[in-house]
Amino acid sequence: QTGKIDFDSMPRLGAVALASPGDEITRYRHLIVDEYQDCSPQQVHLVAALARRIPNLMVFGDRLQVIYGFGGARYTPLAKLLDGAQRLKLSTSYRLTQQTAALAGAIVAPLDGTPIATRRVGRKPRLIVNENSAQQTQTVVRDIRALLDRGVNPSRIAVLARLNAV
């Protein structure tokens, strides 16, 4: 034992602390959790335990945007863990443009046919479908080369990928 706490131990230790007597936590009146859909099962149970001690809880999450499934994230509606939990839908996105919202809506339509309302207007995005990861890599390389040929400084280009190997 090194006396250090790793990331995976934090939710477990938090639950242990909540089970201990004392009212240190009751001085807090509000708990807000963003990106709730990416909580691991341990984190979800910690949020539920906190909600039992803190009077006002609000979580924000979209089950269609889970990106950490590979790390154990599984969307769990709080109503399954907390009596009286209410689900409210945000009716308008203030981040997406109408064009991006339309594309996102078309992609998720088989899972959730609810249209995404927004007031912002922007350029129409392109959906590029590749047959496999090799073709996707070639597409990214081609796009980077085009940016460099147009004079874009390489420090202004970022490539985000799910795996370090990519």
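1. Starting with terms: helices here are DSSP runs of H or I with at least four residues, strands are E runs of at least two, and both are numbered from the N terminus. On that basis the protein chain reads α-β-α-β-β-α-β-α along the sequence. That comes to 4 helices and 4 strands. Keep in mind throughout that this is a predicted model.

2. Overall shape next. The radius of gyration of the protein chain is 21 Å, well over the 15 Å that the globule rule gives for 166 residues, so the chain is more spread out than a compact globule. Taken along the principal axes, the C-alpha atoms fill a box of roughly 65 × 45 × 30 Å.

3. Burial and surface for the chain as a whole. Of the 166 residues, 19% count as buried. The protein chain exposes about 13300 Å², and carbon and sulfur atoms supply 54% of that area. On the contact side, take the pairs with a separation of 6 or more: residues 24 or more positions apart account for 66% of those contacts.

4. Now helix α1, which spans residues 9-19. Its buried residues are S9, P11, G14 and L18, and they pack against α2.

5. L13 is another α1 residue, but one that is partly exposed, with a relative accessible area of 33%. L13 belongs to a nonpolar surface patch along with I5, F7 and M10. Together the four have about 410 Å² of accessible area. Patch members need over 30% relative accessible area, so L13 at 33% qualifies on that count.

6. On to the loop between β1 (30-33) and α2 (41-51), where Q37 sits. Is Q37 buried or exposed? Buried, with a relative accessible area of 2%. Leaving out residues up to four places away in sequence, Q37 touches F60, G61, D62, R63, Q65, V66, A73 and Y75. The Q37 side chain reaches the backbone nitrogen of D62 at 3.1 Å. There is also a polar contact of 2.7 Å between the side chains of Q37 and E35.

7. E35 is in the loop between β1 and α2 as well. The thing to check here is the backbone: phi of E35 is near 60°, a positive value in a residue other than glycine. E35 is partly exposed, at 40% relative accessible area, whereas its side-chain partner Q37 is buried at 2%.

8. Y36 is also placed in the loop between β1 and α2, and it is buried, with a relative accessible area of 3%. What does Y36 touch, not counting residues up to four places away in sequence? The list is V44, V59, F60, G61, Y75, T76, P77 and L78. One polar detail goes with this: a polar atom of the Y36 side chain lies 2.6 Å from the backbone oxygen of T76. For a sense of the spacing, Y36 and L46 are 10 residues apart in sequence and 12 Å apart in space, C-alpha to C-alpha.

9. Q37 has its side chain at the backbone nitrogen of D62, while Y36 has a side-chain polar atom by the backbone oxygen of T76.

10. Last, salt bridges. How many does a search of the whole structure find? The search gives 1. The side chains of R142 and D143 meet in a salt bridge, with 3.0 Å from N to O. R142 counts as partly exposed at 47% relative accessibility, and D143 is partly exposed too, at 28%.

Conventions:
Residues numbered from 1 in each chain as written. Predicted model: local features only at pLDDT ≥ 70, side-chain atom pairs only at ≥ 80, totals over all residues. Heavy atoms only, no water. Patch = residues over 30% accessible without salt bridge, like charges linked within 9 Å, V, L, I, M, F, W, Y side chains within 5 Å. Areas by Shrake-Rupley, 256 points an atom, 1.4 Å probe, with all protein chains shown as cover. Buried < 20%, exposed > 50% of the residue type's maximum accessible area, 1.4 Å probe, protein only. Rg over C-alpha atoms; globule rule 2.2 N^0.38 Å. Contact = heavy atoms within 4.5 Å. Polar contact = N/O pair within 3.5 Å; in protein donor to acceptor, adjacent residues only side chain to side chain.
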